[in-house]
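Could you walk me through this two-chain model, piece by piece? I'd like to know how the parts sit against one another.

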Amino acid sequence: MKYILDKVRENKILVMEESLSSTEEAKLIEETMRSISEKFSGIEVSTLREKSDSGIREKIIKLLGGRTGGLTVIGPSKLIKQIKKEPKRISVLADGNSMD
Amino acid sequence: MPFRKLLGWFKGFFGKKKVIRLGLYGPPNAGKTTLANKISMDWTGEPVGKVSEVPHETREVQKKEKVIVKVGGRTIVMNLLDMPGISTKIDFEEFMQYGFSAEDAKQRAKEATKGVIEAIKWLENVDTALVIMDSTKDPYTQVNITIIGNLEARDIPVIIVANKIDLPGSNAKWIEEAFPQHPVVHVSGLTGSNVNDLYNAIAKHAK
């Protein structure tokens, strides 16, 4: 979490080839709130999960310390104008430029 | 967790009525406090908290204890917990657009961040949750997904409330399609429209 927020506070947009779990998302929001200041107003974040992460295969992968795929986009809210989330796609509008 | 379930069963078996901690979750301005006030006024005659157009009006968990709801032949005793809206960003400059001074806006922002943290921590301590969404807005947002995901991970019953059905542009079907795994009740917390459906849903799903 610290690494993610440090990079975002440097005005960087992170694209990670893994999805955050719901618990990790909540933790990220919590840590973001602790980091908010006059200069940093928070983040825009969106996660795509590949499929349900409750299957046996996925549980074994996680038990062995692995990740089950997916995508997460996180950036400073002042840089990212909008993240539009759909079940299988994330669209990011950043500072006047758009990307899918 | 298994011990809590066993204790709950034990209390139920011996007839002690359990007080259900009902958490009202959602993004800012979804109408949580308006709905909480409606429920509280209906059953206690008193409101829960203050409402305004300015986001993050609720910055601490507002509680109304021992709200007794009688519906469908069932009596439910609940502690109503109106949560601060959950957001991934809080910009004090936004509050200044509503007429706050810079100093007051910064103070409000500071309180709002603490409120979000408190609402997240309360996810561990609610028995049933209403996740309130503005039916005039796209429901498929990361905040809504995160809230629901965390409640599901804790096996907490979720009732989704498609609120503001009194407004033009309301599209509650949007919400049903986004979250088909949970019951969705269409209401207006402001006018009280269909709120009886919500009470029936609470009676059916709360634990």
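This is a predicted model: local features need pLDDT of at least 70, side-chain atom pairs count only at pLDDT 80 or more; totals for chains, interfaces and linings use all residues.

Start with chain A, which has three helices and six strands. Going along the sequence, they come in the order α-β-α-β-α-β-β-β-β. Of the 100 residues in chain A, 28% are buried. As for how far the contacts reach along the chain, take those between residues at least 6 apart in sequence: 60% of them link residues at least 24 apart.

Now pick out two of the helices in chain A. Two packed helices are described by the angle between their axes and the distance between the axes. For helix 1 (residues 2–9) and helix 2 of chain A, the angle is about 50° and the axes are 10 Å apart. That angle is why helix 1 of chain A counts as oblique to helix 2 of chain A. The crossing of helix 1 of chain A past helix 2 of chain A is right-handed. On the helix 1 side of chain A, the touching residues are A:I4, A:L5 and A:R9, and they meet A:L28, A:E31, A:T32 and A:S35 from helix 2 of chain A. By class, this contact between helix 1 and helix 2 of chain A consists of three nonpolar, two polar and two charged residues.

While you're in chain A, have a look at A:L48, which sits in strand 2 of chain A. Is A:L48 buried or partly exposed? It has 16 C-beta neighbours inside 10 Å, so A:L48 goes down as partly exposed. If you skip neighbours within four places in sequence, the contacts of A:L48 are A:S19, A:G70, A:L71, A:K88 and A:I90. A:L79, for its part, is 31 residues from A:L48 in sequence, and their C-alpha atoms are 21 Å apart.

Next, the place where the chains meet. Chain A puts 20 residues into the contact, and chain B puts in 20 residues. On the chain A side, helix 2, strand 2 and strand 4 each bring at least two residues. Which of the elements gives the most to the side of chain A that touches chain B? Helix 2 of chain A does, with eight residues. Sorted by class, the side of chain A that touches chain B has six nonpolar, eight polar and six charged residues.

Helix 5 of chain B is mostly covered, with nine of its twelve residues buried. Those buried residues are B:Q142, B:V143, B:N144, B:T146, B:I147, B:I148, B:G149, B:N150 and B:L151. So what covers the buried residues of helix 5 of chain B? The cover includes helix 2 (22–35), strand 2 (43–48) and strand 4 (80–86) of chain A, along with strand 1 (19–25), strand 4 (128–134) and strand 5 (158–163) of chain B. Just past the end of helix 5 of chain B, B:D155 has a positive phi of about 60°.

Helix 2 of chain B takes in residues 32–44. With 13 residues at 1.5 Å each, helix 2 of chain B should span 18 Å, and its end C-alpha atoms are 17 Å apart, which agrees. Buried in helix 2 of chain B are B:K32, B:T33, B:T34, B:L35, B:A36, B:N37, B:K38, B:I39 and B:S40. Packed against those buried residues are strand 1, strand 2 (62–71), strand 3 (74–82), strand 4, strand 5 and helix 7 (195–205) of chain B. After helix 2 of chain B comes B:G45, with a positive phi near 80°.

B:N29 is in the loop between strand 1 and helix 2 of chain B. Its phi is near 65°, a positive value in a residue other than glycine. B:N29 has 19 other C-beta atoms within 10 Å, so it counts as partly exposed. B:N194 lies in the loop between strand 6 (184–186) and helix 7 of chain B. Though not a glycine, B:N194 has a positive phi of about 65°. With 15 C-beta neighbours inside 10 Å, B:N194 is partly exposed.

How values were computed. Residues are numbered from 1 along each chain as its sequence is written. Chains are lettered from A and ligands numbered from 1 in the order in which they are written. A residue is buried if 20 or more other C-beta atoms lie within 10 Å of its own, exposed if 12 or fewer, and partly exposed in between; C-beta atoms are placed from the backbone. Helices (H or I, at least four residues) and strands (E, at least two) are DSSP runs, numbered from the N terminus. Two residues are in contact if their C-beta atoms, placed from the backbone, lie within 7 Å. Axes are lines fitted to C-alpha atoms, for helices over the stretch in contact, and angles run from 0 to 180 degrees between N-to-C directions. Angles under 35 degrees count as roughly parallel, over 145 as roughly antiparallel, 65 to 115 as roughly perpendicular and the rest as oblique. A crossing is left-handed if the near helix is turned anticlockwise from the far one by less than a right angle, and right-handed if clockwise. Ala, Val, Leu, Ile, Met, Phe, Trp, Tyr, Cys and Pro count as nonpolar, Asp, Glu, Lys and Arg as charged, and the others, Gly among them, as polar. The expected span of a helix is 1.5 Å times one less than its number of residues.
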